[in-house]
Structures are given as C-alpha cells and as structure tokens.
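Could you take a look at this chain with me? Here is a short briefing to keep beside the viewer.

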Amino acid sequence: MKPQNTNGRQPAKTDAQNCSSLICCKDQCSDFPESGTDADGEKLPRGAASPSRPRNKHAPSLICKTAQQLLEEPREERRWVVDRLLSGGVALLVADPKTGKSLFSLAMGKAVSEGQTFLGLETTKCQVLYLSLEDCFDRIQDRLFDLTDEATDDLFISVRAKTLGTGLLDELDEFVKEHPNVGLIIIDTFQKVREGRGNTETLYSADYADVGKIKDFADDRKLAVVLIHHTRKMQDPSNPFARISGSNGLMGAADTTIMLTQQNKFAGDTVLHATGRDIAPLEMKLRRKGVRWECLGITSEEELVARAVPQCVHRVIGFMAARNEDWKGNATTLIEVAGIEDASERVINKKLNEHCGFLRRNGVEYGSSRCSNSRRITLKKVEPESKGNDSSGAKEDS
C-alpha cells in the first residue's frame with residue numbers, strides 16, 4: 001500500500017529526475033520539454049526533430065524585404081569567432097581518423113573561451129560548449145592536464161547529448177538561454193547526433209536536412225556551431241573537400257568547411273584547407289606536437305589562385321618567358337612547342353581565354369582570330385599587370 005502524503009505536496013523529484021541528458025562538467029541540470037512531440041503536443045514521425053521553439057500557426061511563413069530596405073538597413077558587422085576561419089552559422093571540420101580532430105577542437109574551444117589567439121589567428125572571447133560525445137570525462141581531463149595549467153569556467157564540456165530526432169536542439173536551446181554569452185558550440189562528432197534516414201529519403205536530402213536544422217538554430221541565435229566529421233578513403237589531390245564522407249548536401253548546407261589533411265602521420269604535418277560563404281579561401285600549414293597545434297605558415301592568396309589555374313596555362317607562360325618575341329600559330333603547334341600535355345587542340349583555346357587575366361598578370365596577352373578553317377592564337381609579351389578580373393575576355397585580332 002502506497003504511503004499517504006499528509007501535507008498535500010507532491011514528493012520531491014530526485015536529482016536523476018531533474019537532470020537532462022546534457023551532462024556538463026559544471027553539473028548544469030535543467031528540465032527540457034518532452035522530446036518526440038511538436039509545439040502542440042502531437043507525436044512526431046520517426047526521425048523528425050523536435051522544434052526548438054513553439055510555432056505560431058498564424059505567423060506568415062514567407063518573410064520578405066525589398067532590395068531598397070536591405071540597402072537602407074544598418075548592417076551588423078560580421079562577428080568572427082576565429083578571425084578569417086570561423087564566423088556565425090555552421091562549419092564542418094573534417095579529417096581522417098586519429099588525425100587529432102578532438103585535440104584541435106578542444107584547443108580551439110579553450111582559446112575562444114579565453115579570448116586567446118588560435119593558430120596565430122585572433123578570437124572573440126565568448127562562452128563555449130564542447131560536446132565530446134566519443135569520449136569520457138577522464139580522457140578529456142588527461143588532455144587538459146597536458147594542454148594547460150589553468151582553464152576557464154567559460155568552457156563547458158559534455159560527453160552525452162540527445163540526437164536531432166530526440167531533442168538535441170531543445171537541449172542546446174535551453175543551455176543557450178541559461179548561458180546567453182555562448183558564441184560557439186562544438187559537436188564531436190556530427191554522426192553521434194544524427195538519425196538514420198527514412199526509406200524514401202536520399203542521402204543528399206538527409207545530409208542537407210540534418211545540417212540545415214543545426215544551421216537554422218545557429219543563425220537564429222547568432223552563434224557558430226562546428227560539426228566534427230570524418231573522411232572517406234577516396235583520394236583527390238586536386239580537391240581535398242571531395243574526401244568528405246557523405247554527399248554534397250553536407251557542404252551545400254554548411255556555411256564553412258574546414259579540412260585537415262595529414263601529410264606526414266609520424267611528423268604530425270597537416271594542411272588546413274578552409275572555404276565558405278563568408279570567408280576567403282584559406283590554407284595553413286600546421287604541425288601537431290602531442291596535444292598542441294601550431295601554425296607553420298599561411299599560403300598566400302596569389303599561390304592559391306595560381307594552383308587553380310590549369311597546367312597548360314602555366315606551360316604557355318613558361319614558354320613565352322623563354323622567348324624574346326611574340327608568337328603566332330595554331331593550337332596544334334602551340335601544344336607541341338610549349339610541351340602541353342593536359343589539353344587538346346579543341347580545349348586549349350578555351351583554357352587560355354578563361355584564364356587570360358592570369359596570363360596578363362604574368363606578362364602574356366592572349367588573342368584569337370578565325371583563319372581559314374581554324375583559329376589562330378596570338379601571344380604577345382607585355383608588362384605584367386596587377387591583380388584583376390580573369391573574366392575580362394581575350395582580345396579578338398582583326
């Protein structure tokens with residue numbers, strides 16, 4: 001027989017009943033809305049994410065602004081969490097297994113929470129939540145022992161969280177409400193918070209939807225979320241981002257993608273490639289010593305541009321640099337005399353025209369004209385121009 005409650009009060013809840021699944025180092029506990037239901041209490045289908053805030057049925061779904069309004073509205077200055085590397089929205093951080101992604105993430109979180117530089121880049125001090133979902137507190141403690149002698153109370157660490165389909169965004173929303181100075185959330189790894197896709201859902205749509213839900217959360221709250229992700233075995237030296245495990249939907253939905261490519265596993269040499277909507281292409285040479293990362297150098301923008309130019313264009317520049325006069329002839333002859341191997345007669349004109357701005361900046365002016373049944377190529381030696389626009393087009397000879 002159950003004991004009677006003589007004072008008319010409900011029995012006090014235990015600590016376990018009060019705690020959510022988001023267990024942080026500072027033992028932050030809070031009650032969360034029941035997962036698996038929408039704002040009206042209706043059960044959600046399997047794999048659907050619980051909304052992070054109530055919906056207003058009468059609110060218009062299409063919010064528009066005119067172009068003139070956008071021109072006249074005061075614009076908020078972009079807030080960089082890590083200068084040149086990480087601003088608001090969602091960023092993918094991708095690397096091979098055992099490359100040091102978790103150490104990289106912990107070091108970044110510590111630097112941002114203290115307002116210290118990270119890899120020589122300035123940071124904006126804010127509170128940081130690091131979800132290290134493949135680790136335990138003992139392992140993270142060991143890393144912190146090696147990383148620093150003194151930490152900060154603005155770096156929160158959790159080793160457990162819900163998934164997108166069982167209330168992750170509700171957990172994060174509650175945490176951000178309790179800690180309004182949070183500007184960076186790191187989820188290590190992204191796969192740990194994902195749901196299996198439905199039978200009728202394609203890989204692209206599932207990837208895009210999962211990143212998109214987190215992006216909406218980050219954009220609404222004006223903070224940055226970094227998703228740690230893995231690579232696949234496929235190699236493509238010309239495009240490091242092609243090694244991201246999954247479909248193009250991941251990069252399509254993310255604002256920024258950061259790739260760590262290990263060049264020498266034993267020496268710890270790694271190259272960081274970063275691209276995104278709000279950042280200029282960035283390449284950094286890094287080295288990891290134990291738990292610490294250091295920057296050895298940043299590749300210049302000119303070198304990055306030059307790498308994107310086909311080898312046939314570089315061959316033409318080298319060919320003209322060795323000459324004392326201009327050159328005229330057809331594509332077949334140019335391929336032979338310049339030693340071009342990566343372009344056919346039908347393609348070489350297109351490549352030279354596409355990169356005529358790069359040619360001019362390197363002292364070569366490209367021209368083309370119709371001659372009988374073929375095109376005549378004209379290459380003139382000129383003074384190298386300063387950086388301009390490659391899309392200006394070639395000159396048409398008369």
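What follows is a tour of the model by topic, from the whole chain down to single residues.

Please keep in mind that this is a predicted model. The protein chain has 398 residues, and 44% of them count as buried. Its secondary structure comprises 12 helices and 13 strands.

**The chain as a whole**

- The accessible surface of the protein chain is about 22800 Å², and carbon and sulfur atoms hold 47% of that surface.
- Among contacts with a separation of 6 or more, 63% are made by residues 24 or more positions apart.

- Q127 sits in strand β2, which covers residues 127-132.
- Is Q127 buried or exposed? Its relative accessible area is 12%, below the 20% limit, so Q127 counts as buried.
- The side chain of Q127 makes a polar contact of 3.2 Å with the side chain of D154.
- Leaving out residues up to four places away in sequence, Q127 touches D154, F156, H179, N181, V182, G183 and L184.

**Aromatic pairs**

- How many aromatic pairs does the structure hold? There are five, and two of them are described here.
- F104 and F118 pair edge-to-face, with 5.1 Å from centre to centre and 80° between the planes.
- This pair links distant parts of the chain: F104 belongs to helix α3 (residues 101-114), while F118 is in the loop between α3 and β2, 14 residues apart.
- Both F104 and F118 are buried.
- F104, F118 and W293 make up one aromatic cluster.

**The second largest pocket**

- The second largest pocket holds about 650 Å³ of space.
- It is lined by 19 residues, and those closest to its centre are E76, R78, R79, G88 and K222.
- Which element gives the largest share of the lining? That is helix α6 (residues 203-221), with three residues.

**Helix α6 and Y208**

- Y208 is a residue of helix α6.
- With a relative accessible area of 40%, Y208 is partly exposed.
- Y208 and M251 are 43 residues apart in sequence, and their C-alpha atoms are 8.2 Å apart in space.
- Apart from neighbours within four places in sequence, Y208 is in contact with G249, G252 and A253.

**Backbone points to check**

- Most residues other than glycine have a negative phi, and most peptide bonds are trans.
- The peptide bond from D188 to T189 is cis, with omega near 10°. T189 is in the loop between β4 (182-188) and α6.
- L119 is not a glycine, yet its phi is positive, near 55°. This residue lies in the loop between α3 and β2, and its relative accessible area of 9% makes L119 buried.
- K222, also not a glycine, has a positive phi of about 55°. K222 is in the loop between α6 and β5 (224-230).
- Is K222 buried or exposed? At 59%, its relative accessible area is over the 50% limit, so K222 counts as exposed.
- K222 is also among the residues closest to the centre of the second largest pocket.

Note on methods: Residues numbered from 1 in each chain as written. Predicted model: local features only at pLDDT ≥ 70, side-chain atom pairs only at ≥ 80, totals over all residues. Heavy atoms only, no water. Helix = DSSP H or I, 4+ residues; strand = E, 2+ residues; numbered from the N terminus. Buried < 20%, exposed > 50% of the residue type's maximum accessible area, 1.4 Å probe, protein only. Polar contact = N/O pair within 3.5 Å; in protein donor to acceptor, adjacent residues only side chain to side chain. Contact = heavy atoms within 4.5 Å. Areas by Shrake-Rupley, 256 points an atom, 1.4 Å probe, with all protein chains shown as cover. Phe/Tyr/Trp six-rings, centres within 6.5 Å; stacked < 30°, edge-to-face > 60°. 1 Å grid on protein atoms, 1.4 Å probe; cavity = no way out; pocket = protein on both sides within 12 Å on 5 of 7 lines; lining within 4 Å. Points joined across faces, edges and corners; volume = space filled by probe spheres on them.
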